[in-house]
Amino acid sequence: MSDPGLPTGWPGPPLVCPCCRREGQSWRLGPDLLCANPACGARHAWLTPGIPAVVAQSVRERLAESDAPGPLPPPGGLQPMLAAVAPASPAFGPLARAAIFLRALSADGEEPFYGELCEALLPDLGPAAAVADLGCGAGNLAFEIARRAPATVAGIDLDAHLLRWAERAAEGVEFEAPVRIDAGRFAASPMRVRPGLLASRLAFAAANVLDPPFGPGSFDLVTLVNVLDAVPFPAVALRQAVALLKPDGLVLFASPDSWNGGTTPPKRWLATTEAGWDRVFAREGLETLRRIDDLEWRLRDTPRLHHLYRVHGRLLRKR
């Protein structure tokens, strides 16, 4: 590892403590995920030996809820685990989300949205480039970027269970994944991801996109793909993304504008029209370089239930 001050097993950029960060001031985490601020002294945990969990106390309960299924079982152990999960179980929701996004990642039925988006908007990135994938989920977009560019990609999400699967998928070997066979049952199915990944350039952390554990100016590219309409404070998420950019850094944005009042109160919705997004991005000092519209994003849930979204996207530059 090039920087001995980074946490062991973390190949991404330096992590900072979200518990004591102030305007214009932040403290790094050491190899043991201990905050360097003596007045804080927070020691963060590891979700797995390769995934740090770097979150403020206020969201740790939510992170724990997303991890209700617990550590992934060893080979051959997934089916017994799935058979024991009932719809009322706390583990059902995280497993259902994982089944959707893993199916979209499978080489046998990969969702083309991520490739089409990158084909249209992903900029040229060299081996020194650093990318932050905010709201990375199971790694669908992070994997696509890693196949197309030699950059280092750091993905963060508050869904611990999805991150566990992202780490397993990045190993590049066939593994068992959950698949929903109807509304109330899962089955274990063999799965592999499309080759071409360089796992050493991928890093995942359990962290909050509203309070990402990175210092300002850390990244050449930050992605906000199908994220802003799925968080309670989208304006905060956008400002955080812009703050993470180096000078002339880029934002890869996409959204189906599927705002949900249960997640985001309507008064916090950023925009619902192209002109509205123009104003939003202009306020944040972002210039549109390229745009695309009407990309199809299909997520297959059960055999009878598919979710279809029409997504618009932009590549933006920090002025």
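Predicted model: local features only at pLDDT ≥ 70, side-chain atom pairs only at ≥ 80, totals over all residues.
A crossing of two helices is right-handed if the near helix is turned clockwise from the far one by less than a right angle.

**Helices H4 and H5**

- Helix H4 covers residues 113–121 and helix H5 covers residues 140–148; their axes come within 9 Å and cross at roughly 50 degrees.
- That angle makes H4 oblique to H5.
- On the H4 side, the residues that meet H5 are Tyr114, Gly115, Cys118 and Glu119, and their partners in H5 are Asn140, Leu141, Glu144, Ile145 and Arg148.
- Sorted by class, this contact has four nonpolar, two polar and three charged residues.

**Helices H3 and H6**

- Here helix H3 (residues 92–105) packs with helix H6 (residues 160–169) at an angle of about 35 degrees, and their axes are 9 Å apart.
- The crossing of H3 with H6 is right-handed.
- H3 brings Pro94, Leu95, Arg97, Ala98, Phe101, Leu102 and Leu105 to the contact, while H6 brings His161, Leu162, Trp165 and Ala169.
- Nine of the residues in the contact of H3 with H6 are nonpolar, one is polar and one is charged.

**Cysteines without disulfides**

- How many disulfides does the structure hold? The number is zero.
- To count as a disulfide, two cysteine sulfur atoms must lie within 2.5 Å.
- For Cys17, the closest cysteine sulfur is in Cys35, at 3.8 Å, so this pair is too far apart for a bond.
- For Cys40, the closest cysteine sulfur belongs to Cys20, and because the distance is 3.8 Å, it is too far for a bond.
- Cys17 is buried, with a relative accessible area of 0%, whereas Cys40 is partly exposed, at 27% relative accessibility.

- You can find Lys246 in strand S9, which spans residues 245–255.
- Is Lys246 buried, exposed or partly exposed? Its relative accessible area is 26%, so Lys246 counts as partly exposed.
- Leaving aside residues up to four places away in sequence, Lys246 touches Gly217, Ser218, Phe219, Asp220 and Lys318.
- Val222 is 24 residues from Lys246 along the chain, and the C-alpha atoms of these two residues are separated by 9.9 Å.

Definitions and conventions
Residues numbered from 1 in each chain as written. Heavy atoms only, no water. Buried < 20%, exposed > 50% of the residue type's maximum accessible area, 1.4 Å probe, protein only. Helix = DSSP H or I, 4+ residues; strand = E, 2+ residues; numbered from the N terminus. Contact = heavy atoms within 4.5 Å. Axes fitted to C-alpha atoms, helices over the stretch in contact; angles between N-to-C directions. Parallel < 35°, antiparallel > 145°, perpendicular 65-115°, else oblique. Nonpolar A, V, L, I, M, F, W, Y, C, P; charged D, E, K, R; others polar.
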